[in-house]
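Subject: Structure for you to look at

Hello,

Here is the structure I said I would pass on. Please open it first, then read the notes below it.

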Amino acid sequence: MNLLKLLLCFCLTFSSLTAWGVDVLEFHCKRSEKGYTEEYEMKITLASGAQKARVFLDDRDLDQSDAYGKQVVKSVTLARPNIFILIEANFEPENLMGVAYSAGTVSTHMTLDPVTGKLKKVEKIQGGILGETMGDGTYITEETCLPSKMPYKSK
């Protein structure tokens, strides 16, 4: 079955997904760091008409906004064989347990090769609680994301 999935991904890299009428891609992803492994599902819906592209992790929409900040999927680009995703997050100043944190931003650029399953994530952190705890700067991580379902057209 995995061979069939890899063959399908290989074929899709040589033809445009939109030409196939595909607008939903689903992946099973695995992230490992410092002896801890996390698995999650990622679903990407491509832009069509007036609807923008969306990204979901375990059915949680990454376009979010609340009193603490805003996160937006800026773009999803198909450039054979890779899928490029740009996400920007802005966080308001906050006070946690008596410690004041400045406003912050995180810009995330993801490159996913569905054939190899390699997901490269480049995150640029500036300010806020993340900048204070992790340090301002650019962080690069790699994960594995393989197709979990054949690409399909949403209804």
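A residue counts as buried under 20% relative accessible area, as exposed over 50%, and as partly exposed in between. Lys43 has a relative accessibility of 26%, so Lys43 is partly exposed. Please keep in mind that this is a predicted model.

Lys43 belongs to strand 2. The C-alpha atom of Lys43 lies 9.6 Å from that of Ser148, although 105 residues separate the two along the chain.

Now the chain as a whole. The protein chain has two helices and 12 strands. Read from the N terminus, the order of its elements is α-β-β-β-β-β-β-β-β-β-β-β-α-β. The chain has 155 residues, and 33% of them count as buried.

Next, the salt bridges. How many salt bridges does the count come to? The total is eight. A pair qualifies when a side-chain nitrogen of Lys or Arg is within 4 Å of a carboxyl oxygen of Asp or Glu.

Glu39 is partly exposed because its relative accessibility is 45%. Lys30, at 39%, is partly exposed as well.

In the bridge between Arg31 and Glu38, the closest N and O atoms are 2.5 Å apart. Arg31 has a relative accessibility of 26% and therefore counts as partly exposed. Glu38 has a relative accessible area of 28%, so Glu38 is also partly exposed.

Asp63 and Lys52 make a further salt bridge, with an N to O distance of 3.1 Å. Asp63 sits in the loop between strand 4 (60-61) and strand 5 (64-66), while Lys52 sits in the loop between strand 2 (36-45) and strand 3 (54-57), so this pair ties together parts that are 11 residues apart in sequence. Lys52 is partly exposed, because its relative accessible area is 37%.

Some of the bridges share partners. Arg31, Glu38, Lys121 and Glu143 are joined in this way into one network.

Then there is the largest pocket. Its volume is about 680 Å³. Which residues that line the largest pocket are the closest to its centre? Out of 25 lining residues, they are Arg31, Thr108, Lys121, Glu123 and Glu143. Two or more lining residues come from each of strand 1 (24-33), strand 2, strand 7, strand 10 (104-113), strand 11 (118-127), helix 2 (128-134) and strand 12 (137-152). By type, the lining has 14 nonpolar, four polar and seven charged residues.

Last, the surface. Phe91, Leu130 and Met134 make a nonpolar surface patch of about 240 Å². Phe91 is part of strand 7, which covers residues 82-91. Is Phe91 buried or partly exposed? Phe91 is partly exposed, because its relative accessibility is 32%. A patch takes residues with over 30% relative accessible area and no salt bridge.

Regards

Technical notes: Residues numbered from 1 in each chain as written. Predicted model: local features only at pLDDT ≥ 70, side-chain atom pairs only at ≥ 80, totals over all residues. Heavy atoms only, no water. Patch = residues over 30% accessible without salt bridge, like charges linked within 9 Å, V, L, I, M, F, W, Y side chains within 5 Å. Areas by Shrake-Rupley, 256 points an atom, 1.4 Å probe, with all protein chains shown as cover. Helix = DSSP H or I, 4+ residues; strand = E, 2+ residues; numbered from the N terminus. Buried < 20%, exposed > 50% of the residue type's maximum accessible area, 1.4 Å probe, protein only. 1 Å grid on protein atoms, 1.4 Å probe; cavity = no way out; pocket = protein on both sides within 12 Å on 5 of 7 lines; lining within 4 Å. Points joined across faces, edges and corners; volume = space filled by probe spheres on them. Nonpolar A, V, L, I, M, F, W, Y, C, P; charged D, E, K, R; others polar.
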